Every structure is written in structure tokens, then in C-alpha cells.
Amino acid sequence: LNASAGRHVVAGFVYGDWHPVRGRPDARTRGGTLTCSSCHAPHAAPTRLLYRFEARGKEALCRTCHPM
């Protein structure tokens, strides 16, 4: 835990300003914004990047909420 920022530091990743969905609305929650755990499982997942929804890649993860 990065106590000064109140955020987790996981395997060398720090929540930064660079993420492409930072601050965007989360369609799955009313009035909420996307957070790390909107797309990434905080504790375990079958992929290296801890994608949720059993997604095996970035495109599959995005298609969870944005179907073609």
C-alpha cells in the first residue's frame, strides 16, 4: 500500500495519470468512474495483467462493455 497516496502498488504498477480510461465514467455503476478494479481483478486472474470477466486480452476486455 502506498500510504501517502492511499493506493495499492501491485507488482511494480502504480496507479498513474497515464492510463487510457482514468477518470472516465463506468457504465456499470451509476455516477461512478472507472477504477483499476473495474477492469482488473485485485487479487487473482488467469492472465498476467489480471483482466476481469475471463478476458484473455485487451480487446476482449474492452468488448465486455463495448460490443461490436
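Predicted model: local features only at pLDDT ≥ 70, side-chain atom pairs only at ≥ 80, totals over all residues.
A disulfide is a covalent bond between the sulfur atoms of two cysteines.

- Cysteine 62 takes part in no disulfide, and the cysteine sulfur nearest to its own, which belongs to cysteine 39, lies 7.1 Å away, whereas a pair of cysteine sulfur atoms has to be within 2.5 Å to be counted as a disulfide.
- With a relative accessibility of 39%, cysteine 62 counts as partly exposed.
- Cysteine 65 is likewise in no disulfide, and for this residue too the nearest cysteine sulfur is that of cysteine 39, at a distance of 6.8 Å.
- Cysteine 65 has a relative accessible area of 40%, and it is therefore classed as partly exposed, since that class covers values between the 20% limit for buried residues and the 50% limit for exposed ones.

**Secondary structure**

- The protein contains two helices and two strands, and, when followed from the N terminus on, these elements come in the order β-β-α-α.

**Burial and surface**

- The protein has 68 residues, and 13% of them are buried.
- The accessible surface of the protein amounts to about 5600 Å², and carbon and sulfur atoms account for 57% of that area.

**Contacts along the sequence**

- When contacts between residues at least 6 apart in sequence are considered, 6% of these contacts in the protein join residues that are at least 24 apart.

How values were computed
Residues numbered from 1 in each chain as written. Heavy atoms only, no water. Helix = DSSP H or I, 4+ residues; strand = E, 2+ residues; numbered from the N terminus. Buried < 20%, exposed > 50% of the residue type's maximum accessible area, 1.4 Å probe, protein only. Contact = heavy atoms within 4.5 Å. Areas by Shrake-Rupley, 256 points an atom, 1.4 Å probe, with all protein chains shown as cover.
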